[in-house]
Amino acid sequence: MFRSKRSSHVKRLWKSRIAQHETESSDENNPEELEKKSVTQSILKRLKEKQLEMLIQSVESKGEEHSGCVLLPKGDLRLGRRCVAPHILCLQIWRWSDISGSSELRRMPFCETVDDDVYVCCNPYHWSRKSDELESPFLGRSALERVHITDFDQSEMVTDEVVSTETGNTPTPHQLNYSDDSMSSNNGCVRGPHWCTVAYWELRQRVGRLYMVYDPNVNIFQSLPHGDGLSLELLQKDAETESVKRTRDKIGIGVVLSREDDGVWLYNRSQFPVFVNSPTLENIHSRTLPVLKLLPGYSIKIFDYDSVRLLKQLTDKRYLDGPFDPASVRISFAKGWGPNYHRQFITSCPAWLEVLMTIDR
């Protein structure tokens with residue numbers, strides 16, 4: 001009975017693969033597909049029943065149901081004339097058929113195998129693809145370091161007192177008041193300062209209270225089964241427009257904001273793209289507003305602390321059309337804005353986030 005159940009799980013997972021041929025007979029006539037099937041089923045049979053069930057849960061829900069790590073020993077597998085790592089093979093079968101190597105990937109913050117020297121996680125929804133816009137397409141950190149403060153008139157530099165670019169209603173981290181409650185956790189232990197504050201907006205209206213983030217990462221979602229983090233559904237009232245209602249439906253399991261060693265990363269877990277604008281993705285001398293499109297399953301570094309400290313010193317106010325806030329990142333769900341879209345301002349987007357970073361950590 002046990003062997004039969006495991007075999008059933010393996011067959012169920014193979015049928016859930018993303019790139020199926022039209023008929024099973026055509027699969028059998030394809031030597032490459034036959035070998036891939038054989039290798040895949042071989043590694044799946046190494047898994048215990050519980051791990052197979054976790055993998056099924058993750059694959060069939062497309063990551064919406066949270067499931068744990070699925071571990072396989074590190075080491076390449078022979079697939080025809082090429083070798084492939086086990087997690088790459090799993091991603092090719094259940095998520096991205098065109099993925100080729102680990103250099104294209106970034107582990108999700110909730111994956112627990114980052115320091116494991118023996119096993120690698122093969123849960124396809126514990127990985128994201130790095131965006132092609134991983135470095136600023138306009139002005140990278142190395143270019144910033146070559147610019148000298150003396151190149152600018154000291155009187156033209158921005159001050160430390162920054163305000164929200166789009167509105168004057170959301171306090172920046174410099175303006176927030178820290179209460180005793182915000183510095184203590186539920187069990188009475190003193191908490192460190194928060195590293196960012198999230199405001200949720202629908203069009204020009206802020207919805208709900210500010211959400212301070214203390215943990216290294218936070219899930220921001222519409223409605224997530226068994227999830228924790230910021231549930232936008234709990235903040236929302238009846239939608240006033242159809243565009244807001246439709247966009248809410250597209251948020252799904254949303255995004256993850258994660259503070260990591262090299263900066264703040266954004267992971268798109270939803271089934272629709274998100275659009276992001278950040279001061280560290282901008283050219284400080286350009287009037288063009290860069291809004292980057294982040295596809296489902298992709299990730300990008302949206303904030304670099306070192307670069308933003310230089311930006312605070314080097315930004316030339318002669319090139320700015322309005323207030324410059326080096327601490328503010330804006331993320332729109334499903335809808336883009338700016339010169340390349342019919343919505344010119346983010347306040348025309350149906351559902352969006354304003355993320356206010358605490359720069360002086």
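The model is a predicted one, and every value given here was computed from it.

In soluble globular proteins, nonpolar side chains tend to be buried together. In this model the largest nonpolar core has 35 residues, and those with the most contacts inside it are Leu-257, Leu-266, Ile-302, Ile-331 and Leu-353. Strand 15, which runs over residues 298-303, gives this core its largest share, namely four residues. Apart from this core lies another one, made of 33 residues, including Val-10, Leu-79, Ala-85 and Leu-91.

To see what surrounds one of these residues, the reader can look at Leu-257. When residues up to four places away in sequence are not counted, Leu-257 touches Trp-195, Val-198, Pro-216, Asn-217, Val-218, Ile-220, Trp-265, Leu-266, Ile-302, Ile-331 and Val-355. Among these, Leu-266, Ile-302 and Ile-331 are also named with Leu-257 as residues with the most contacts inside the largest core.

The next topic is the aromatic rings. A pair of aromatic rings is described by the distance of the centres and the angle of the planes. The structure holds five aromatic pairs, and one of them joins Phe-275 and Tyr-341, whose ring centres are 5.4 Å apart and whose planes stand at 80°, so that the pair is edge-to-face. Because Phe-275 lies in strand 13 (residues 274-277), while Tyr-341 lies in the loop between strand 16 (328-333) and strand 17 (352-357), the pair ties together parts that are 66 residues apart in sequence. Phe-275 counts as buried, with 4% relative accessibility, whereas Tyr-341 is partly exposed, at a relative accessible area of 27%.

Another pair is formed by Phe-303 and Tyr-305, with ring centres 5.4 Å apart and planes at 85°, so this pair, too, is edge-to-face. Here Phe-303 counts as buried at 0% relative accessibility, and Tyr-305 is buried with a relative accessible area of 4%.

A search of the whole structure finds three cavities of 30 Å³ or more, and the largest cavity holds about 80 Å³ of space. The lining of this largest cavity consists of Lys-62, Gly-63, Arg-95, Met-108, Tyr-125, Trp-127, Ser-128, Ile-253, Asn-268, Arg-269 and Gly-297. Sorted by kind, these lining residues divide into four nonpolar, four polar and three charged.

Note on methods:
Residues numbered from 1 in each chain as written. Predicted model: local features only at pLDDT ≥ 70, side-chain atom pairs only at ≥ 80, totals over all residues. Heavy atoms only, no water. 1 Å grid on protein atoms, 1.4 Å probe; cavity = no way out; pocket = protein on both sides within 12 Å on 5 of 7 lines; lining within 4 Å. Points joined across faces, edges and corners; volume = space filled by probe spheres on them. Nonpolar A, V, L, I, M, F, W, Y, C, P; charged D, E, K, R; others polar. Core = buried A, V, L, I, M, F, W, Y, C linked by side-chain atoms within 4.5 Å. Buried < 20%, exposed > 50% of the residue type's maximum accessible area, 1.4 Å probe, protein only. Helix = DSSP H or I, 4+ residues; strand = E, 2+ residues; numbered from the N terminus. Contact = heavy atoms within 4.5 Å. Phe/Tyr/Trp six-rings, centres within 6.5 Å; stacked < 30°, edge-to-face > 60°.
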